[in-house]
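Have a look at the structure below, then try each exercise before reading its solution.

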Amino acid sequence: MSASYYGRPVVKPHVWKPYIPLYFWIGGTAGAAAVSMALERAKGNDELATVQRNVALAGALTAPVLLILDLGVPLRFYAMLRVFKPSSPMSIGSWVLTAFGGAIAGATVSDVLGAKPLARALEVVAAALGPVLATYTAVLIADTATPVWREARGELPFVFVASSLAGAGACGTLFAPAASARPARRMMTAGAFALAATTRLMEKRLGRFMAEPYRKGPAASLKGGADFLSIAGGVLMRAGGKKTVVARVAAVCVIAAGVLERFAVLSAGKVSAGDPKYTVEPQRKRADERASADAVRN
Amino acid sequence: MDTYQDPAAARKGFFTDTTLCIGCKACEVACKEWNQLPADGYEYTGQSYDNTGELNGTTWRHVAFVEQLRGGASNDPHDGVLRPESGRWLMESDVCKHCTHAACLDVCPTGALFRTEFGTVVVQEDVCNGCGYCVPACPFGVIDKRDTDGHAGKCTLCYDRLKDGEKPACAKACPTESIQFGDVDDLRRRADERVAKLKADGMYQHVELYGRDENDGVGGMGAMFLLLDKPEVYGLPPDPVDATRELGAMWRAAGYAMAALVGATLLLSAGGRA
């Protein structure tokens, strides 16, 4: 047991409201949907491409609302675009989200106005930004002093990508006609299994001690729900996904799994920052090792 | 000399010598007064004389009280062992470290947090939109979002007073010069001398100068502390790191994940429109 000051936290837990984990899922799903949109468009599967564009558009329109609602001074949301700061993942994310939203909305409007070449070009722009939108949030939380996020900096982007892939696939499955939705159903199934696998890998890499916040307390039930629903969704899809009803139920499971996983990550972050042992123990070990190395050298 | 603005001032900071702290909390009060920060309320923590608890958006100086009645690293005054002759009472006035590599400043998306001409880190309250990113980013848990007006707050090293050539309110109020203000270079020299003297005197088993090392995870601190026990005993992280140091590796990992996303979508889409 490491020493502490009355068991008080050393670092501050994040102060984000539930808008933020919800945004993480919505933004990621919109990003992956844009990638899927561009590929389907290139293949000539316009039906699915347009559905995925609408999914991306819905995400791009909802995202800023959620982000602004979370601000301490919402009326100053425009300050996010006051500077471009490469050292701040949130600054990069704000610009990417703005450009993504502009491209997706522009593509939709261009299509309505009949400007097809412009619509296609803007779709390509959105598809290029999509992967950044799906992963920057992982970099954003890893770039903090929150132990379970920082120590999982190599794995978090893959967890978020898996959830985004599953989310976009599930939305495509729900909203596209079954005849054209096969790629979406495959994305959903693969994403669901990848989500279960990547979270497992993340916990393994964190190690027994550092993964504790995911295994007990409030994050554990969220994570348990995410694991169950992602595997249930994936298995359901493999077993009876040819039936539209089964596929839709699976899609709902997978969407819920992705959302729960984001909430689990935010919750585990709060727990790990709130207990000083997760901050102090690894740092004490590092400091002692360095001190003994210095002692040997001198 | 004709420069269109003042030449950069020397880096300013604090050296907090905890061997001189008497726990009067004049620094806390002076800070609240000068910076017009709201009171924390009258809550008793039962943790020695510390009813302030922590640094946050409206508390920019915090005096820690550590009761060690067994001479070890125990904080528990209620362990049933009362041996006053072997006990001691540690006090330390904590404050923002004004890091050389400040994570809060790095991650701030609006530019509200900036580096002043004194080498300090300050929030521009009229720019901050309260996104809250700096809060989990700080490796010391110093900066916090305030409920009152929604934006982030922390020690400014009394930026307004410094501009007028005054020392910060806490250092001015400190009756024992436990809080010393000055040029960081001078303070480092002074702190080194003090540590050497204490070690030569041999009165304390453990004397540690916290924040002095420019090769630490934050590139050295503008506020240093002479500690008589391990940092974690005072609630300080033993080996703080500016998370932004690994930002390149984080984006690299994200890059692989982006490639995986595109690759997976391509592969899965190849199934055609059946």
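This is a predicted model, so keep that in mind as you work.

**Exercise 1.** Sort the residues that line the largest pocket into nonpolar, polar and charged.

*Solution.* Step one is to sort by residue class: the lining holds 9 nonpolar, 3 polar and 10 charged residues. Step three is to look towards the centre: 22 residues form the lining, and the closest to the centre are A:Ala287, A:Arg290, B:Glu208, B:Asp213 and B:Pro238.

**Exercise 2.** Find which elements give two or more residues to the lining of the largest pocket.

*Solution.* Start with chain A, where α11 (276–297) qualifies. Then turn to chain B, where β9 (208–210) qualifies too. Finally, look for the top contributor: α11(A) gives the most, with 6 residues.

**Exercise 3.** Describe the second largest pocket by its volume, its lining and the elements around it.

*Solution.* First, the volume is about 470 Å³. Next, the lining is made of 24 residues, and those nearest the centre are A:Pro64, A:Leu67, A:Met80, A:Ser94 and A:Leu97. Now trace the elements: in chain A, α1 (19–43), α2 (46–70), α3 (89–113) and α4 (116–142) each supply at least two lining residues. Of these, α3(A) has the largest share, 6 residues.

**Exercise 4.** How many residues in the lining of the second largest pocket are nonpolar, polar and charged?

*Solution.* Go class by class: 18 are nonpolar, 5 are polar and 1 is charged.

Methods
Residues are numbered from 1 along each chain as its sequence is written. Chains are lettered from A and ligands numbered from 1 in the order in which they are written. This is a predicted model: local features need pLDDT of at least 70, side-chain atom pairs count only at pLDDT 80 or more; totals for chains, interfaces and linings use all residues. Side-chain values use heavy atoms; hydrogens and water are left out. On a 1 Å grid over the protein atoms alone, a cavity is a set of points where a 1.4 Å probe fits but cannot get out, and a pocket is an open set with protein on both sides within 12 Å along at least five of seven lines; lining residues have an atom within 4 Å of a point. Helices (H or I, at least four residues) and strands (E, at least two) are DSSP runs, numbered from the N terminus. Ala, Val, Leu, Ile, Met, Phe, Trp, Tyr, Cys and Pro count as nonpolar, Asp, Glu, Lys and Arg as charged, and the others, Gly among them, as polar. Grid points are joined across faces, edges and corners, and a volume is the space filled by probe spheres set on the points.
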